[in-house]
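Dear colleague,

I am handing over the structure below, and after it you will find an account of what turned up when I went through it. Please read the text with the model open beside you.

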Amino acid sequence: MVVAFKVTGGEQGGWAVLHVSGELDLMTSPVLRQKVHDEVAEGRHSLVLDLSEVYFCDSSGVGVLIASRRLIRSCRGSLRLILPARGAAEGSHVNRVLGALGVRRLFDVYGDLAAAVDEGTEPLSA
């Protein structure tokens, strides 16, 4: 089975939004890294990564998420992740991986796009 990795962009409520789907691994993580860099280079420092359709994430994917957080913070921006409790089939694989590695607490995580772009909504607890 061949799975397509895709990153599509948009904007909502003043936030740049990147919708990511497929496997986030050694082969695909450079694509996401470049898309994040492109957004920052264009002056967008409020970024939402919608990872609800990512069903596999390895250490290189986690590395891209941490590097993206570092980049956005260096620009005094904000990075928010969408990791729904029951996204991508039976649960967010990315959420489980971040939790297992002990880095989930580094990110502001929301359950859906509406919550992620709403300034009044608190992130989900780690």
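Serine 29 lies in helix α1, where helices (H or I, at least four residues) and strands (E, at least two) are DSSP runs numbered from the N terminus. With a relative accessibility of 5%, serine 29 counts as buried, the term meaning under 20% relative accessible area, with exposed over 50% and partly exposed in between (1.4 Å probe, protein chains only). Apart from neighbours within four places in sequence, serine 29 is in contact (heavy atoms within 4.5 Å) with Leu24, Ser60, Gly61 and Val64.

Before going further, please keep in mind that this is a predicted model, in which local features need pLDDT of at least 70 and side-chain atom pairs count only at pLDDT 80 or more, while totals for chains, interfaces and linings use all residues. Residues are numbered from 1 along each chain as its sequence is written, and side-chain values use heavy atoms, with hydrogens and water left out.

The helix that holds serine 29 has 13 residues and reaches 18 Å from its first C-alpha to its last, close to the 18 Å expected at 1.5 Å a residue (the expected span being 1.5 Å times one less than the number of residues). Buried in α1 are Ser29, Leu32, Val36, Glu39 and Val40. They cover an arc of only 100° around the axis, which puts them on the same side of α1; the arc is that of the directions from the helix axis to the C-beta atoms. What covers these buried residues includes β1 (6-12), β2, β3 and α2. Just after α1, glycine 43 adopts a positive phi of about 90°.

As for the overall fold, the protein chain has four helices and five strands, which run β-β-α-β-α-β-α-β-α from the N terminus on. The radius of gyration (over C-alpha atoms) is 13 Å, close to the 14 Å that the globule rule (2.2 Å times the number of residues to the power 0.38) gives for 126 residues, so the chain is as compact as a globular protein of that length. Buried residues make up 44% of the 126 residues, and among contacts between residues at least 6 apart in sequence, 66% join residues at least 24 apart.

Not counting residues up to four places away in sequence, arginine 80 touches several residues, among them Trp15, Val48, Asp108, Val117, Asp118 and Glu119. Tryptophan 15 is 65 residues from arginine 80 in sequence, and the two are 9.6 Å apart in space, C-alpha to C-alpha.

Finally, the structure holds zero disulfides, a disulfide being a pair of cysteine sulfur atoms within 2.5 Å. Cysteine 57 counts as buried at 4% relative accessibility, whereas cysteine 75, at 27%, counts as partly exposed.
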